[in-house]
Amino acid sequence: MTTTPVEKSINGRQPPVEVSPALEERGGLPAFLANLKALPDTARDSVVRHGVPTSDRARSQTVFSNFFLHVMSVRVHLRSLKFSATMGLGIILLVLFGILTFTGILLMVYYKPAVDLAYDSMKDIIYVVPSGRFIRNIHRWAAHGMVLCVFLHMARVFYTAAYKKPREFNWVIGMALFVLTLGLSFTGYLLPWDQLAFWACTIGANIAQSPRELTDALGITASLDIGGMQKELLLGAHYVGQEALVRFYVLHVVVLPLVLTLFAAVHIWRIRKDGGLAKPAETVPPRPTGKDVEAPSMTAMTPKQGDPSTRTWGLMALMKGRTPAVGKELRNTIPAYPNALYAIAALAMLTTAVMLFLGYFFDAPLKELANPGIPENPAKAPWYFLGLQEMVSYSAFMGGVGIPAVVILGLALIPYLDREREIPGRWICGQEGIRVAWQTALFSFLFTVALLTFTVNFGWLRNWFLEIPQIIITFVNPGTVLVTAFIVWSLGIIGKTRSTRMSAIALFTCFIVAFVVLTYFATVHRGPNWDFYWWPSQWPTH
Amino acid sequence: MSKLSRNSALEESPRFQEPASRRDFLGLAAIWSAVAAFGAALIGSLRLPMPSVFPESNSRVKIGHPERYPKGSVTHLPELRLWVFHDAKGLYSISSICTHLGCIAGRSADGIFRCPCHGSIFAPDGKVLQGPAPTPLHWIAMGLSPDGQLLVDTAINVPLGTRLPV
Ligand code: HEM
Ligand code: FES
């Protein structure tokens, strides 16, 4: 790619003195000494290939020729660097994942995945290992932070309509990253082998087994026991023990991080290939219009003889459209180096600083040693699973498998079901969107609160009809009622606004609001025996 | 077929107009056989983590001579997560593992089992009174071993109401 003249011009200075003369001549001692003297320069130049870039063109070359920088495009749109466009959440996620990998490897030095040793090695890490408590705290808070940011990032991508064509599949990859992040949290949860770990994982493994609720009701468990198979695969036994600990460990430290790294790489690569972050239409290079615009491909770029208007240019294969990118698109862009680099570095420093602060001042909890005989009461999952735990307390299968599957599938399909072309990269697409979002937020808030109030006060089907078959409760419980109401509401919005985007906004808002309300409710208002309490201070002491 | 060929969208599509050439066919066959081979290998290797031998200790346990459980008694065997009862009709035992998601239900003085995890409540005979548990608490198989001790098998459930007459 790079030709010699370009290289000369971006060096901005003379190339290092050519010490060794022509090939056939040998160098003596003076040449050796001169080489030695020039070593810092020659070594440096062999690594970075050119000096400090001084022109925009040279900056572009810097990005282009550097393995680590070239995931960025050479120039970034001004808007992409604005905080309000992304809130930096994707980068923060990458940084958090980096912090987790780093601290996780340090913890692995002392942690032992054996039921007799795991808890003691955690105690060692906290009380004996130099800075062990600090590193463990950082690992814990970064894990919480990553789950929080993955929700926020998904919400920002959704509300800025950044999932629209051509980014549909990147949204699906995002969903995979979302599930992987939750999987990492869940598998990490067992490792300390304390009471919380043991019971949360017992419950989790039994959720994996809960398709039995359905197969039992259909009377086919004997021949097709999906639930049982899932549990055996996860635990390697029928209870949480040594086998389970090793399996969770392998998933947590090898399998899931590797898969997540792979997916994250594809995620980032596709952002680049999709022409950077989604941005409002005025700034997007003109596209061929018409109904069936074919996906751009390498073959489409084959120059056609004789017709200058369709003539194409080699490098343009990176872009979409058939005209060379001149003028307009460049107007609002700046070189990625160093501008995007500064933004990324600032976010990385901020994230790291917050984690250091949290890790220094707040200790990650460790309960007493796991006791398979007595569950924690209440046995609460980490905050991001508490909404699910509330659902699970209506029906194990629906709350733990059915509804999550429907939600994840529904979220993944959004870009395929809402294909309206509208201004991407703009928050909630204007007045109408904001109105729909507010109305929906109000509706789903009131509906969820009303349903919870009703359930707490009057119970559910089994409290009224003791002998009711389980299968009815599996399909008709507060969780399924909630999901059904949300679907009906969103279909109503389609009917009213005649817009799939508005309906998507409604559905997504329902999901977010219900998630927040259920999480809050299960955190604050559920106490021992999963009974309702106004405040944790009212829990009976035992 | 005739219905299909009237479909104009299909007719226009390049796939419909040009049937796969030999080269396309061979290429596709090569790719799909590679996919099939690796897929089969992957599924085959996933057989490994699917256990066929389980690490748990024998589920059959001797729990002492029947005299340990006199008529009218209620005995808790916490290690086995088991309650052993002896009433007018005989001996029976109920597992305290909640049928919802596997927490341990506690039994209060009135004979009611309550699960701390999601609030399932079971009658003294294990029937569900309230909460998300899909089935009653399990009744566990009991028998007598040749040496006269009582035997339970925690892996075998028996129908509600099954008793061991003594
Ligand atoms: C481990 C988790 C994730 C990582 C590390 C990650 C990373 C990133 C980064 C660095 C960006 C660049 C823009 C930005 O900072 O917002 C981005 C954009 C994007 N992300 Fe993610 N992401 C993750 C999860 C998700 C999830 C859960 C979704 C949605 C379901 C998603 C969908 C997208 C989409 C569609 C874009 C393009 C947005 C645009 O063009 O404006 N990502 N991601
Ligand atoms: S495990 Fe007993 S109610 Fe959920």
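How many residues of chain B are in contact with how many residues of chain A? In this predicted model, 25 residues of chain B touch 33 residues of chain A. The size of an interface is often given as the accessible area lost when the parts come together. By that description, chain B and chain A bury about 2,400 Å² between them, and 62% of this area falls on carbon and sulfur atoms. Within the part that chain B buries against chain A, L101(B), P116(B) and H118(B) supply 23%, which is more than any other three residues contribute.

Chain B also contains an open sheet of six strands, arranged in the order 1-10-9-4-3-2 with antiparallel pairing. Strand 1 (60-62) and strand 2 (74-77) of chain B form the edges of this sheet, since each of them pairs on one side only. On average, and with direction ignored, neighbouring strands of the sheet are turned by 30 degrees against each other. Strands of a sheet pair through backbone hydrogen bonds, either parallel or antiparallel. One of the antiparallel pairs joins strand 3 (residues 82-87) to strand 4 (residues 90-95) of chain B over six bridges, and H86(B) has L91(B), in strand 4 of chain B, standing opposite.

For H267(A), an N or O atom of the side chain is 2.8 Å from a nitrogen atom of ligand 1.

In the loop between helix 7 and helix 8 of chain A lies P166(A), which is joined to K165(A) by a cis peptide bond with an omega of about 5 degrees. The loop between helix 8 and helix 9 (195-209) of chain A contains W193(A), a residue that has a positive phi of about 55 degrees although it is not a glycine.

How values were computed
Residues are numbered from 1 along each chain as its sequence is written. Chains are lettered from A and ligands numbered from 1 in the order in which they are written. This is a predicted model: local features need pLDDT of at least 70, side-chain atom pairs count only at pLDDT 80 or more; totals for chains, interfaces and linings use all residues. Side-chain values use heavy atoms; hydrogens and water are left out. A polar contact is a pair of N or O atoms within 3.5 Å; within protein, one must be able to donate a hydrogen and the other to accept it, and residues adjacent in sequence count only if both atoms are side-chain atoms. Two strands pair if DSSP finds at least two bridges between them. Helices (H or I, at least four residues) and strands (E, at least two) are DSSP runs, numbered from the N terminus. Axes are lines fitted to C-alpha atoms, for helices over the stretch in contact, and angles run from 0 to 180 degrees between N-to-C directions. Contact means heavy atoms within 4.5 Å. Buried area is the accessible area (1.4 Å probe) that two parts lose on being put together, summed over both.
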